[in-house]
Amino acid sequence: MSSKTSTQQIVLITGATAGIGRTTALYLAKQGRHVIATGRNTAALATLRAEAEASSLKLDTVELDVTSADSIARAVASVDQLTNHHGVDVLVNNAGYGALGPSAEITDAEMRRQYDTNVFGLMSVTRAFLPAMRARRAGRIINVSSLGGRFTLPYFGVYNSTKYAVESLSDALRYELHAFGIFVTLIEPGAIRTNFESTALSGVGAFDQSAYGESLKKVDALSKRMDRVAAEPIVIARAIERAVRVRRPAARYVAPRMNHMVLMLKSVMPTCAFDWSMRKMGYLTPKDLGLTGKSVPSALKA
Ligand SMILES: NC(=O)c1ccc[n+]([C@@H]2O[C@H](COP(=O)([O-])OP(=O)(O)OC[C@H]3O[C@@H](n4cnc5c(N)ncnc54)[C@H](OP(=O)(O)O)[C@@H]3O)[C@@H](O)[C@H]2O)c1
């Protein structure tokens, strides 16, 4: 990247106060990068900075709420100071969350909140740090999407749609920024053990009285069992490190890599078979939903 050596790369990470972002911040700093870890939880940032200092890592922290224009402007000014007006070489757009619920019953306000963080937040932060990269004709933007940006899981329609948006916007940015020497890469995590799951499930109680109440209780239990087999965030930190390090990063990194199998299966399965497996997995059969006798739609009767 321009005249700097890879050991001097300055990497800014959003949502670095927990989970994938925090693990990635420490991992990249251990690999010799100058990391600027950002987040909105100042206590968590202070703990992270202390942990990095104890290991003599080059890691600064800056407060950044990706949904606030003021916060973004302040972060750009802080980064300008910290980097002696250089800006960042690599931007990792990681901040994000999902709220689980029946797509037609999630409120507009909750849907907007997810888009504000996962889509508009990501784009606002990108716009803010892009000018310095473009001026230098070098840079990398790494967007943390999801396997759920490639196919949709039951009850994750709203969240998955934000990641479909991230996939599409990243593809466009990749075409549009290539001539300026800026690489755009998507990271597509499968299930990773972080706070993601507890955040996703925290609002499901709101649907207890809906037609999906019983089904969601089973999904909640399944999700907790699945969390035990989820991969550790370091798997994603390594995928991000690869996208930072290699000369020509790929457009997409699926991690853990065995999830390529899932994408392959999805591509060869007829839609009706895939839909059936999703309905089974999401406890969405008439029986799961307590539809019996006359309440079963006639189109579904044998
Ligand atoms: N874990 C998975 O299974 C999984 C799978 C696929 C994709 N992902 C993606 O991976 C990324 C990281 O998630 P995670 O698994 O590490 O979850 P996590 O442990 O919940 O961490 C999410 C991070 O994002 C931050 N964040 C949320 N809203 C923010 C905002 N407005 N401004 C700044 N930071 C904000 C959180 O900060 P606060 O503590 O302040 O909320 C936290 O630091 C997300 O984009 C998620 O969609 C995760």
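**Helix pairs**

I began with helix α4 (residues 108-136) and α5, whose axes come within 9 Å and cross at roughly 20°. Here the axes are lines fitted to C-alpha atoms, for helices over the stretch in contact, and angles run from 0 to 180 degrees between N-to-C directions. Helices (H or I, at least four residues) and strands (E, at least two) are DSSP runs, numbered from the N terminus. α4 and α5 are therefore roughly parallel to each other, a label for angles under 35 degrees, while those over 145 count as roughly antiparallel, 65 to 115 as roughly perpendicular and the rest as oblique. I also noted that α4 passes α5 in a right-handed crossing; a crossing is right-handed if the near helix is turned clockwise from the far one by less than a right angle, and left-handed if anticlockwise.

Before going on I wrote down what I was reading: this is a predicted model, in which local features need pLDDT of at least 70 and side-chain atom pairs count only at pLDDT 80 or more, while totals for chains, interfaces and linings use all residues. Residues are numbered from 1 along each chain as its sequence is written, and side-chain values use heavy atoms, with hydrogens and water left out.

I then turned to α1 and α2, whose axes come within 11 Å and cross at roughly 25°. The pair α1 and α2 is therefore roughly parallel, and α1 passes α2 in a right-handed crossing.

**Around the ligand**

Which residues come nearest to the ligand? Of the 26 residues around the ligand, I found these to be T17, I20, N94, Y159 and T194, where near means that a heavy atom of the residue lies within 4 Å. The shell divides into eleven nonpolar, twelve polar and three charged residues. Both α1 (19-30) and α5 (157-177) supply at least two residues of this shell.

I looked next at polar contacts (pairs of N or O atoms within 3.5 Å). A backbone N or O atom of I20 lies 2.8 Å from an oxygen atom of the ligand, and for I192 the corresponding distance is 2.9 Å. The protein buries 90% of the 890 Å² that the ligand exposes when taken alone, by the Shrake-Rupley method with a 1.4 Å probe.

**Backbone details**

I noted that the peptide bond from A255 to P256 is cis, with omega near -10°, and that P256 is in the loop between β7 (252-255) and α9 (260-268).

Terms used
Polar contact = N/O pair within 3.5 Å; in protein donor to acceptor, adjacent residues only side chain to side chain. Nonpolar A, V, L, I, M, F, W, Y, C, P; charged D, E, K, R; others polar.
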